[in-house]
Amino acid sequence: LEILFESSADTAHLEDPFPTLLDRRELIPLQAGVFSYQGGFLQTIEVLDAIFRYHALEMGAIEQSFGTTLPLRSLFENGYLGAFSHQALFVAPLQRRLSEIRRLAEAKTPEEKAGILAQTIDDHGQVLSPVVCYHCFETLRGSCLSLDGSLFTACARCHRRESEHESLVRLQTFLMREVIFFGRDTWVDSVRMNLIAHLRDLLLEWGIRFRIVTAYDPFFAGGHNKRLYQSYFSVKYECQLLLPHIQQWVAVASFNNHHTTLTRAYKICGLSGSPIHSGCVGYGYERLAYGLYCQLGSDLGTWPEALRSHLIPARG
Ligand SMILES: [Zn+2]
């Protein structure tokens with residue numbers, strides 16, 4: 001782990017805001033790793049997204065909106081089912097057998113229904129999208145882009161099977177905005193650096209304790225080969241916030257340079273047929289909002305003016 005930048009802000013709050021968020025119903029648990037949001041927590045996420053969306057659009061990004069599932073083919077071709085297969089969540093319909101569909105409809109108890117389901121789930125041809133950018137790559141599959149650079153952005157729920165579910169740090173379903181960019185290698189890296197600087201300046205303005213590091217896992221967590229590959233090329237930077245109550249750092253944004261690995265997988269090239277590089281930046285909104293609550297406290301009225309002015313629209 002190489003630390004490229006660390007802020008020196010003081011963090012006064014030493015309480016975990018998690019129980020308060022549950023008490024206030026700002027977080028409503030549904031099942032392990034899946035929450036519904038309302039109140040201040042939801043408002044924080046929306047304000048954060050407005051900020052990052054605006055910046056992406058200002059940089060010229062084309063906004064996209066995606067469905068929830070990806071064809072399995074996408075994960076076969078981009079390598080996800082090599083290094084991260086344990087995190088994939090598959091989606092399957094019932095087998096197309098009328099008798100079974102009827103049997104399920106007519107089953108009386110949940111146990112009976114579960115038993116029938118266990119026998120009739122069909123092949124898993126779809127997967128819940130684990131990141132935002134795979135959909136963007138799918139929209140560009142087989143196409144040619146200008147080497148001078150193009151950007152896309154989208155916000156979507158992402159899904160990963162996680163083994164620990166009792167906090168906001170590891171979620172099965174989480175909200176992420178990504179900015180995805182394509183062009184020459186130098187341009188791709190300059191966009192990545194621009195986006196790192198943008199987040200750094202915001203967090204400095206808000207008085208947040210954070211650091212920018214080179215990293216090996218979160219948005220591509222898993223296998224050993226991938227880890228070696230990433231440390232060798234130093235392809236990934238991460239922004240981490242301090243969680244003062246446990247003195248641990250949590251990744252809230254990731255800045256990736258894919259070089260040509262994903263453009264090759266999706267057969268995307270430059271206009272002349274030459275290879276094109278890609279990169280993506282992802283903002284994990286639950287972690288970011290949680291980190292802000294941990295450091296700034298659960299009373300939004302005491303948050304820094306620069307952030308509060310966005311959070312609480314003109315009252316009265
Ligand atoms: Zn991505």
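At what angle do the axes of helix 2 and helix 8 (residues 185-205) cross, and within what distance do they come? The axes come within 12 Å and cross at roughly 145°; the legends below treat this pair and two others.

The model is predicted: local features need pLDDT of at least 70, side-chain atom pairs count only at pLDDT 80 or more, and totals for chains, interfaces and linings use all residues. Residues are numbered from 1 along each chain as its sequence is written, and side-chain values use heavy atoms, with hydrogens and water left out.

**Figure 1. Overview of the chain and its confidence.** The chain contains 12 helices and 15 strands (DSSP runs numbered from the N terminus: H or I of at least four residues for helices, E of at least two for strands). Its radius of gyration is 21 Å, close to the 20 Å given by the globule rule for 316 residues, so the chain is as compact as a globular protein of that length (taken over C-alpha atoms; the rule is 2.2 Å times the number of residues to the power 0.38). The mean pLDDT, the predictor's confidence in each residue from 0 to 100, is 89, and 92% of residues reach 70 or more. Over residues 218-224 the pLDDT is below 50. Where pLDDT is low, the predicted coordinates should not be read in detail.

**Figure 2. Packing of helix 2 against helix 8.** The crossing of this pair is right-handed (the near helix is turned clockwise from the far one by less than a right angle; anticlockwise is left-handed). Axes are lines fitted to C-alpha atoms over the stretch in contact, and angles run from 0 to 180 degrees between N-to-C directions. Ile51, Phe52 and His55 of helix 2 meet Asn194, Leu195, His198, Leu199 and Leu202 of helix 8 (contact: heavy atoms within 4.5 Å). These residues comprise 5 nonpolar, 3 polar and no charged (nonpolar: Ala, Val, Leu, Ile, Met, Phe, Trp, Tyr, Cys and Pro; charged: Asp, Glu, Lys and Arg; polar: the others, Gly among them).

**Figure 3. Packing of helix 2 against helix 11.** The axes of helix 2 (residues 39-58) and helix 11 (residues 285-296) come within 9 Å and cross at roughly 115°, with right-handed crossing. Contributors include Phe41, Ile45 and Phe52 of helix 2 and Tyr285, Leu288 and Tyr293 of helix 11. The contact divides into 10 nonpolar, 2 polar and 2 charged residues.

**Figure 4. Packing of helix 5 against helix 6.** Helix 5 (residues 98-106) and helix 6 (residues 110-120) pack at about 160°, with axes 9 Å apart. The two are therefore roughly antiparallel (angles over 145 degrees; under 35 is roughly parallel, 65 to 115 roughly perpendicular and the rest oblique). Their crossing is left-handed.
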